[in-house]
Amino acid sequence: MKTMKKIVVLVSGNGSNLQSIIDASQQNRINGHICAVFSNNANAYGLQRAEQAGIPAHFLNPQAFSDRTAYDCALLTAIDQYQPDLVVLAGYMRILSPDFVQRYCGSMLNIHPSLLPKYPGLHTHRKAIENGDQEHGTSVHFVTEELDGGPVILQAKVPIFEEDQEEDVIRRVQAQEHDIYPLVIGWFLDGRLSMSDNIAILDGKILPQQGYASE
């Protein structure tokens, strides 16, 4: 019998990727369960999703702390109580302090709505449309101190059509995110995925810059 692994998820908003992980866990598609959800936003719908699933949901108010380092220190202390095997960022909109990143380096994942290294940061869908890109997508990567710069594990591409509005592209990208994020989390929890020397390794093989590519 495999030991069920523990996941902590950080959210700032709607939490649709959180929902996809909750579903994957409940359906036994991943060998793990979410033991807590944390947010920097009291109104994040992700907190309600957690509560509805019976998962401890915590709001930590950034305004109660003097700076980012103090906030992240308190967040670390709270997360550590759950002793997670994996920390997952699912639309978490705060930049993490170096101390926080170091604490969970190699066991912290993020999903970013672009084909990294293209478009780190915000408003990725708008940038892709404005630049006339014919494809856009999403990347799951390990978290390092470089913003959206950790090694990519898996990407999914979507087309951009001439008549597309930003919402159309967002919807298309999110559908892919809900598929690939639980998949990558499953790889990590099964011991197939790791990070070494800022390189992602899957099944003993170094992944290329764009991450895993199926033949």
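His112 is buried, at a relative accessible area of 4%. Buried here means under 20% relative accessible area, exposed means over 50%, and partly exposed lies in between (1.4 Å probe, protein chains only). The model is predicted: local features need pLDDT of at least 70, side-chain atom pairs count only at pLDDT 80 or more, and totals for chains, interfaces and linings use all residues. Residues are numbered from 1 along each chain as its sequence is written, and side-chain values use heavy atoms, with hydrogens and water left out.

**Around His112**

His112 belongs to strand β5 (residues 108-112). Strands (E, at least two residues) and helices (H or I, at least four) are DSSP runs, numbered from the N terminus. An unreviewed UniProt entry marks His112 as "active site". UniProt positions follow the numbering used here, feature names are shortened, and annotations may be inferred rather than shown by experiment. Leaving aside neighbours within four places in sequence, His112 is in contact with residues including Tyr119, Thr124, Ser139, His141, Asp148 and Glu177. Contact means heavy atoms within 4.5 Å.

**Ser139 and Gln155**

Ser139 sits in strand β6 (residues 135-142). Its relative accessible area is 0%, so Ser139 is buried. Leaving aside neighbours within four places in sequence, its contacts include Asn110, His112, Leu116, Val152 and Gln155.

Gln155 is part of strand β7 (residues 152-159). Gln155 counts as buried because its relative accessibility is 16%. Not counting residues up to four places away in sequence, Gln155 touches Leu115, Leu116, Thr138, Ser139, Ile180 and Gln210.

The table gives polar distances for these side chains. A polar contact is a pair of N or O atoms within 3.5 Å; within protein, one must be able to donate a hydrogen and the other to accept it, and residues adjacent in sequence count only if both atoms are side-chain atoms.

| Side chain | Partner | Distance |
|---|---|---|
| Gln155 | Ser139 side chain | 3.0 Å |

**Helix α2**

Helix α2 covers residues 45-52, and its buried residues are Gly46, Leu47, Arg49 and Ala50. Seen down the helix axis, they fall within an arc of 160°, so they line one face of α2. The arc is that of the directions from the helix axis to the C-beta atoms. Glu51 and Gln52 are exposed on the other side of α2. The cover over the buried residues includes β1 (5-11), α1 (16-26), β2 (32-39) and β3 (57-59). Just after α2, Gly54 takes a positive phi of about 75°.

**The whole protein**

The protein has six helices and 10 strands. Its radius of gyration is 17 Å, close to the 17 Å that the globule rule gives for 215 residues, so the protein is as compact as a globular protein of that length. That radius is taken over C-alpha atoms, and the rule is 2.2 Å times the number of residues to the power 0.38. Along the principal axes, the C-alpha atoms fill a box of roughly 50 × 40 × 35 Å. Buried residues make up 48% of the 215 residues. Among contacts between residues at least 6 apart in sequence, 63% join residues at least 24 apart.

The unreviewed UniProt entry lists residues 5-185 as "domain: Formyl transferase N-terminal". Over residues 5-185 the chain is 36% helix and 24% strand. The end C-alpha atoms of that stretch are 11 Å apart.
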